[in-house]
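Q: Please show me how to read some features of a structure, one at a time.

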Amino acid sequence: MDRCIIFGDSNSFITNILLEEILKLNKKHKYFDIIYIIDTQREYKPKNFLKILAILFVKFIFNKKFRTITLIKSIKFLYTDLYKIGKKYRIPVKKVSSIKSKEFLSFLEQNKVDVGIAVGCPQIFSSDVIRKFKYLVNYHNSLLPKYRGLCATSWSIYYGEKETGFTFHIVNDGIDEGNILIQGGFPIDNRRSAFEMEIIKTEMAKQKLLELMIKIKNREEGEKQQGKGSYWGRKEFEKITIIENPEELTMHEILKRLEAFEILKIRIGRKLFPVTDAVYTNEQKGPFYIKTKDGFLKIKRILYMPISLYLLYLKLFKRRNNA
């Protein structure tokens, strides 16, 4: 039986959904000897459940896109992490700050690992790590070869794609460039938030995990990626979501970014604010209006809250920190 480790992210609901299903299926079918779960999140922070509940409440009350059955069902995956899931299935979790480190390479050699499955891994696999496996598979949240890298769902919305989806692929030396094992997609619906569409595609991928595990066991080669690819990393994400000079962009461009990425850091006066909703207006009437290249936008929500509630939140937050 293949010795297997699973790579995940302790801050990712994608990891939670897929990891839980893999362990449940493996318990039933016994395809692999899963010896470890690897937490690849560099800065793990235990979840503050009151904070999560407050954010969900604010989103639900003030933002229509966050009032759906899909999002309500997903709450359970926001309240757990790979440490709790590992404990449930009695599989140890190892925290690895760098999967490129000599210590991790030594760990792989000592444990004689055959198979690796990455389900929400924020780190990039080096050639040295890849060669330690007989078979290494990754989950990516786009229809490869398009939108390799980060925030694939948001980029696909931003560029007006008609469809989004997921890919399970073999890992090679290129980022998200390996042969495709399984893909699935669905039409983009602008009435849904990017977050909800992320949950939908992860649930679709979950339904394909038994098929994936069989393909891994049989060492299937997969199919080479076809067509022109694209890659979006951290620099590209920050460039489009941090707006230092809104007057250099059109109203349409700013609203288009908001629809795709849902939260933008926009400079208003001397400070960057986490804006989540804005609308067209004819003139600048106060501090939370911004001048654009072709007009003005009224800021309606900051951090998903009405302005007045956000200002109250800031006061309470500062008071707590000063206490």
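**Reading a pocket and a helix pair**

Q: Which element gives the most to the lining of the second largest pocket?
A: Helix α11 does, with 4 residues. The model is predicted: local features need pLDDT of at least 70 and side-chain atom pairs 80 or more, while totals for chains, interfaces and linings use all residues. Residues are numbered from 1 along each chain as its sequence is written, and side-chain values use heavy atoms, without hydrogens and water.

Q: What volume does the second largest pocket have?
A: A pocket is an open set of points on a 1 Å grid where a 1.4 Å probe fits, with protein on both sides within 12 Å along at least five of seven lines; lining residues have an atom within 4 Å of a point. The volume, the space filled by probe spheres set on the points, is about 420 Å³ here. Of 19 lining residues, K65, L258, E259, T276 and D277 are the closest to the centre. Two or more lining residues come from each of α11 (251–261), β12 (271–281) and β14 (296–302).

Q: How many helices and strands does the protein have?
A: Helices are DSSP runs of H or I, at least four residues, and strands are runs of E, at least two. The protein has 12 helices and 15 strands.

Q: How are two packed helices described?
A: The angle between their axes and the distance between the axes describe them. Axes are lines fitted to C-alpha atoms over the stretch in contact, with angles from 0 to 180 degrees between N-to-C directions. For α1 (residues 13–29) and α9 (residues 209–217), the angle is about 65° and the axes are 10 Å apart. In contact (heavy atoms within 4.5 Å), L18, E21, I22, L25, N26 and H29 of α1 meet L209, L210 and M213 of α9.
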